[in-house]
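Subject: Structure handover

Dear colleague,

Please find the structure below, with the sequence alongside. My notes on it come after.

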Amino acid sequence: QVQLVESGGGLVQPGGSLRLSCVASGSIFSIYAMGWYRQAPGKQRELVASITSGGRINYADSVKGRFTISRDNAKNTVYLQMNSLKPEDTAVYYCNADLNNWRTRGDYWGQGTQVTVSS
């Protein structure tokens, strides 16, 4: 069984920073890519940033220059450093992992962590 556990969400003022972390644990053979998605009320879930095991990174245009994704392969952990936060960044942030659990390859999701940007 595989689990993804996020941490680091919270309430922050506009212009502030937060750092999200996500640890993947359990029966994992290999992780191909990890990433962060977000879903605001009434909107579809969208990709924020992703990073492959080889370090290839992709960002949503709305967060380029403000957010930084990084990964510790040895710890099966992905981070999202969020700077210059805006009210429109308010959403539930979900960790995602594309991995092989020794039996099959598939997508796994965390439970989500709330990020609220408000004065």
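This is a predicted model: local features need pLDDT of at least 70, side-chain atom pairs count only at pLDDT 80 or more; totals for chains, interfaces and linings use all residues.

Residues are numbered from 1 along each chain as its sequence is written, and side-chain values use heavy atoms, with hydrogens and water left out.

Sheet. Four strands form an open sheet in the order β1-β3-β8-β7, with antiparallel pairing. Its edge strands are β1 and β7, each of which pairs on one side only. On average, neighbouring strands of this sheet are turned by 15 degrees against each other, direction ignored (axes are lines fitted to C-alpha atoms, for helices over the stretch in contact, and angles run from 0 to 180 degrees between N-to-C directions). Strands here are DSSP runs of E, at least two residues, numbered from the N terminus; two of them pair if DSSP finds at least two bridges between them. Between β7 and β8 there are six bridges in the antiparallel sense, and arginine 71 stands opposite valine 78 in β8.

Disulfide. The structure holds one disulfide (a pair of cysteine sulfur atoms within 2.5 Å). Cysteine 22 and cysteine 95 form it, with their sulfur atoms 2.0 Å apart. The pair links distant parts of the chain, cysteine 22 in strand β3 and cysteine 95 in strand β9, 73 residues apart. The torsion about the S-S bond is about -80 degrees, so the disulfide is left-handed. Both cysteines are buried (under 20% relative accessible area, with exposed over 50% and partly exposed in between; 1.4 Å probe, protein chains only).

Not counting residues up to four places away in sequence, leucine 80 touches residues including Trp36, Val48, Phe67, Ile69 and Tyr93 (contact means heavy atoms within 4.5 Å).

Alanine 97. This residue also lies in strand β9 and is buried, with a relative accessible area of 0%. Beyond four places in sequence, alanine 97 touches Leu4, Ala33, Met34, Gly106, Asp107 and Tyr108. Its C-alpha atom is separated by 9.7 Å from that of threonine 52, 45 residues apart along the chain.

Regards
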